[in-house]
Amino acid sequence: MEAIALPPKVELSEEELTRARLYRLLSRLLGTPADQDLLVFLRELKGDESPLGQGLAALSTVAARVSVEEATQEFHDLFIGVTKGELLPYASHYLTGFLNEKPLMELRQAMNELGIARTEASSEPEDHIAALCEIMHGMIVGDYGKPIPLASQFQFFQDHIESWAIKFFEDLEAAKSARLFMSIGLIGRLFME
């Protein structure tokens, strides 16, 4: 995976770097449609014999057969649609059946307590799966001033991701519009488990 620019004097174990890179990859894949650079990156992924490694290899294989236009259309069909996409990648939706509900309010409170501010560039609510993956990445690498302790990362994961993300990734894996995203669903599900 791509190199991660770390704040000065942040030293992370290989396991922490791998977690951070997977969160960043999922955030990028789920946040905006793939462009040519991302597809090239995905095509170069290598996987080992582990289930997660096989998922990465499968993603690489599919990426080699998908154009930017096809990836953009798939993203649109899954997450945007004419009135709405096939899937709604928000914690509030998965936990309550509605958008902008209590899970979003609780997430915003937790972000405030951790000193994590919403980026002005984003138009999506903070409980979007891509935003949550980006927050986890930032907690690991110290994007919020310094790395957040592992116990706090785990608590945040339990409180705001664990209760719904596996179901989201299962749904993504099985989505009728998913081609490239079938492998992304697999990777996300395995990583969350």
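This is a predicted model: local features need pLDDT of at least 70, side-chain atom pairs count only at pLDDT 80 or more; totals for chains, interfaces and linings use all residues.

Mentor: Residues are numbered from 1 along each chain as its sequence is written, and side-chain values use heavy atoms, with hydrogens and water left out.

Trainee: How much space lies in the largest pocket?

Mentor: General idea: rolling a probe the size of a water molecule over the atoms shows where empty space is left. Here a pocket is an open set of points on a 1 Å grid over the protein atoms alone, where a 1.4 Å probe fits, with protein on both sides within 12 Å along at least five of seven lines. The volume is the space filled by probe spheres set on the points, which are joined across faces, edges and corners. In this model the largest pocket comes to about 570 Å³.

Trainee: Which residues of its lining lie nearest the centre?

Mentor: A lining residue has an atom within 4 Å of a point. The largest pocket has 27 of them, and Thr119, Ser122, Ala130, Ala131 and Glu134 lie nearest its centre. By class, the lining splits into 13 nonpolar, 6 polar and 8 charged residues. For those classes, Ala, Val, Leu, Ile, Met, Phe, Trp, Tyr, Cys and Pro are nonpolar, Asp, Glu, Lys and Arg are charged, and the others, Gly among them, are polar.

Trainee: Which helices supply at least two residues of that lining?

Mentor: Helices are DSSP runs of H or I, at least four residues, numbered from the N terminus. H1 (14-31), H4 (68-79) and H7 (129-141) each supply at least two, and H1 gives the largest share, 5 residues.

Trainee: What volume does the second largest pocket have?

Mentor: About 250 Å³. Its lining includes Arg19, Tyr23, Met136 and Phe191. Two or more residues come from each of H1, H8 (150-174) and H9 (180-192). H8 has the largest share, with 6 residues. The class count is 8 nonpolar, 1 polar and 3 charged.

Trainee: On to the packing. How many residues does the largest nonpolar core have?

Mentor: As a rule, in soluble globular proteins, nonpolar side chains tend to be buried together. A nonpolar core here is a set of buried Ala, Val, Leu, Ile, Met, Phe, Trp, Tyr and Cys residues joined through side-chain atoms within 4.5 Å. Buried means under 20% relative accessible area, exposed over 50%, and partly exposed in between (1.4 Å probe, protein chains only). The largest core in this model has 55 residues, and Leu30, Leu172 and Phe181 have the most contacts inside it. Its largest share, 9 residues, comes from H7.

Trainee: What is Leu30 in contact with?

Mentor: Contact means heavy atoms within 4.5 Å. Leaving aside neighbours within four places in sequence, the partners of Leu30 include Phe75, Phe79, Ile129, Phe168, Leu172, Phe181 and Ile184.

Trainee: How many residues of H7 are buried?

Mentor: It's 11 of its 13 residues, so the helix is mostly covered. H1, H6 and H8 are among the elements covering those buried residues. One of the buried residues is His137, which counts as buried because its relative accessibility is 1%.

Trainee: How far does H7 reach from its first C-alpha to its last?

Mentor: The expected span is 1.5 Å times one less than the number of residues. H7 reaches 19 Å, close to the 18 Å expected.

Trainee: Which residue other than glycine has a positive phi?

Mentor: Most residues other than glycine have a negative phi. Asn100 has a positive one, near 55°. Asn100 sits in the loop between H5 (91-96) and H6, and is exposed at 51% relative accessible area.

Trainee: Is Leu104 buried or exposed?

Mentor: Leu104, in H6, is buried, with a relative accessible area of 2%. Not counting residues up to four places away in sequence, Leu104 touches Ser92, Pro125, Glu126 and Asp127. Compare Gln54 in H3: Gln54 counts as partly exposed because its relative accessibility is 44%. With the neighbours within four places left aside, Gln54 is in contact with Asp48 and Glu49.
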